[in-house]
Amino acid sequence: MENNTVNFENVFNDKIGKNEYIEPKDWMPEKYRKTLIRQISQHAHSEVIGMQPEGNWITRAPSLRRKAILLAKIQDEGGHGLYLYSACETLGISREELIRQLHTGAAKYSSIFNYPALNWADIGAIGWLVDGAAIVNQVSLQRTSYGPYSRAMVRICKEESFHQRQGYELLLELCRGSKEQKAMAQDAMNRWWWPSLMMFGPHDADSAHSADSIKWKIKRETNDELRQKFIDKTVAQAEFLGLTIPDPDLKWNEARGHYDFGKIDWEEFNNVIKGNGPCNKQRLEHHVKVHNENAWVREAANAYAAKKAKAAKGALVA
């Protein structure tokens with residue numbers, strides 16, 4: 001048995017080395033499987049929880065066009081959660097267990113969604129900065145070593161590019177509007193910039209999972225590399241909008257070929273991760289409430305599927 005395990009591991013490592021996909025029926029180290037479940041489920045939970053701050057603005061969007069755009073975006077995010085939960089289930093964990101882990105606090109979601117969307121400009125900042133940061137991370141994940149996750153990311157990235165574009169266009173309109181609208185956009189920038197940088201996770205030296213994720217090519221780039229890439233591409237966008245990034249230490253470093261930036265408040269990040277952010281309690285309670293209230297929908301869908309399966313079986317017998 002030990003020799004078989006060694007052979008399986010050699011095959012696994014060989015596939016990783018050749019940049020071939022690991023598929024659900026392939027042998028994989030248990031730690032690889034658990035790392036994927038943690039990462040994919042956190043990603044799925046983030047998509048679903050992330051619908052809440054935006055859903056709150058559907059009825060208050062300033063025009064029918066903006067309502068339609070926001071509805072489409074929220075619908076996409078629900079779909080992303082579905083793709084990712086389905087990918088996670090291929091690793092041998094049930095949807096029910098994934099939701100249970102979320103509700104009990106055993107599984108996390110992105111810290112960014114524990115901040116409130118206080119005004120209409122926040123919806124633009126979420127699209128531009130939050131989804132912009134997500135795209136930087138997710139483009140890299142299209143090349144992740146686990147096949148179902150990689151394939152889910154291809155479609156998700158296409159839709160996320162729309163999310164980022166609509167957020168930027170929303171802020172551009174505000175920045176070209178009245179003095180009060182421009183101030184609202186700057187206020188949103190001030191509040192969402194640093195939490196967006198925190199989305200990439202702790203510095204590589206402080207990350208408990210980065211080394212294994214890079215070794216197994218679950219992640220292709222480290223937290224710090226992705227964060228730097230996001231900053232470098234976002235500065236010019238902010239300048240075009242006429243917005244000031246709230247970081248006095250931000251400056252171009254000619255020697256590095258990248259922007260230097262200020263110190264991130266990791267104490268705030270850790271506090272939010274522990275459940276003490278502005279909206280942690282509200283976000284989770286809402287998800288639990290809606291999940292429980294709509295149990296009848298899941299029960300009805302299961303009953304209908306069972307009825308269809310029974311009818312199909314009867315037709316085959318006949």
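## Helices H8 and H10

In this predicted model, helices H8 and H10 are roughly antiparallel to each other, because the angle between their axes is over 145 degrees. That angle is roughly 175°, and the axes come within 13 Å. H8 covers residues 179–198 and H10 covers residues 223–241. Two packed helices are described by the angle between their axes and the distance between the axes.

The H8 side of the contact consists of Lys182, Met189, Trp193, Ser196 and Leu197. These meet Arg227, Phe230, Ile231, Thr234, Ala238 and Leu241 of H10. Sorted by class, the contact of H8 with H10 holds 7 nonpolar, 2 polar and 2 charged residues.

## The nonpolar cores

What is the number of residues in the largest nonpolar core? This core has 50 residues. The residues with the most contacts inside this core are Trp128, Met189, Trp192, Trp193, Phe230, Ile231 and Leu241. At least two core residues come from each of H4, helix H6 (120–141), H7, H8, H10 and helix H11 (266–276). H6 gives the largest share, 10 residues. In soluble globular proteins, nonpolar side chains tend to be buried together.

Setting aside residues up to four places away in sequence, leucine 241 touches Trp128, Tyr168, Leu171, Leu172, Cys175 and Lys182. There is also a second, separate core of 25 residues, which includes Cys88, Leu91, Ile99 and Met153.

## Salt bridges

The model has 22 salt bridges. One of them joins the side chains of lysine 73 and glutamate 77, with an N to O distance of 3.0 Å. Both residues lie in helix H4 (residues 64–89), 4 residues apart, which is about one turn of the helix. Lysine 73 and glutamate 77 are both buried. In another salt bridge, the side chains of glutamate 159 and arginine 155 meet at 3.3 Å, N to O. Glutamate 159 and arginine 155 are separated by about one helical turn, because they are 4 residues apart in helix H7 (residues 147–175). Glutamate 159 has 16% relative accessibility and therefore counts as buried.

Elsewhere, salt bridges that share partners join Glu54, Lys73, Glu77 and Asp131 into one network.

Phenylalanine 269 is found in helix H11. Its relative accessible area is 8%, so phenylalanine 269 is buried. Which residues does phenylalanine 269 contact, leaving aside its neighbours within four places in sequence? They are Ser111, Met198, Gly201 and Pro202. Phenylalanine 269 and glycine 201 are 68 residues apart in sequence, and their C-alpha atoms are 8.8 Å apart in space.

Glutamine 186 has its place in helix H8. With a relative accessible area of 18%, glutamine 186 is buried, because the cut-off for buried is under 20%. Not counting residues up to four places away in sequence, glutamine 186 touches Leu243 and Thr244. Glutamine 186 and histidine 287 are 101 residues apart along the chain, and 31 Å separates their C-alpha atoms.

## Positive phi angles in loops

Most residues other than glycine have a negative phi, and most peptide bonds are trans. Asparagine 19 has a positive phi, near 60°, and is not a glycine. Asparagine 19 is found in the loop between helix H1 (2–17) and helix H2 (30–49). Its relative accessible area is 47%, so asparagine 19 is partly exposed.

Lysine 217 is not a glycine either, and its phi is positive, about 60°. Where does lysine 217 lie? Lysine 217 is in the loop between helix H9 (210–215) and H10.

Terms used:
Residues numbered from 1 in each chain as written. Predicted model: local features only at pLDDT ≥ 70, side-chain atom pairs only at ≥ 80, totals over all residues. Heavy atoms only, no water. Axes fitted to C-alpha atoms, helices over the stretch in contact; angles between N-to-C directions. Parallel < 35°, antiparallel > 145°, perpendicular 65-115°, else oblique. Contact = heavy atoms within 4.5 Å. Nonpolar A, V, L, I, M, F, W, Y, C, P; charged D, E, K, R; others polar. Salt bridge = Lys/Arg side-chain N within 4 Å of Asp/Glu carboxyl O. Buried < 20%, exposed > 50% of the residue type's maximum accessible area, 1.4 Å probe, protein only. Core = buried A, V, L, I, M, F, W, Y, C linked by side-chain atoms within 4.5 Å.
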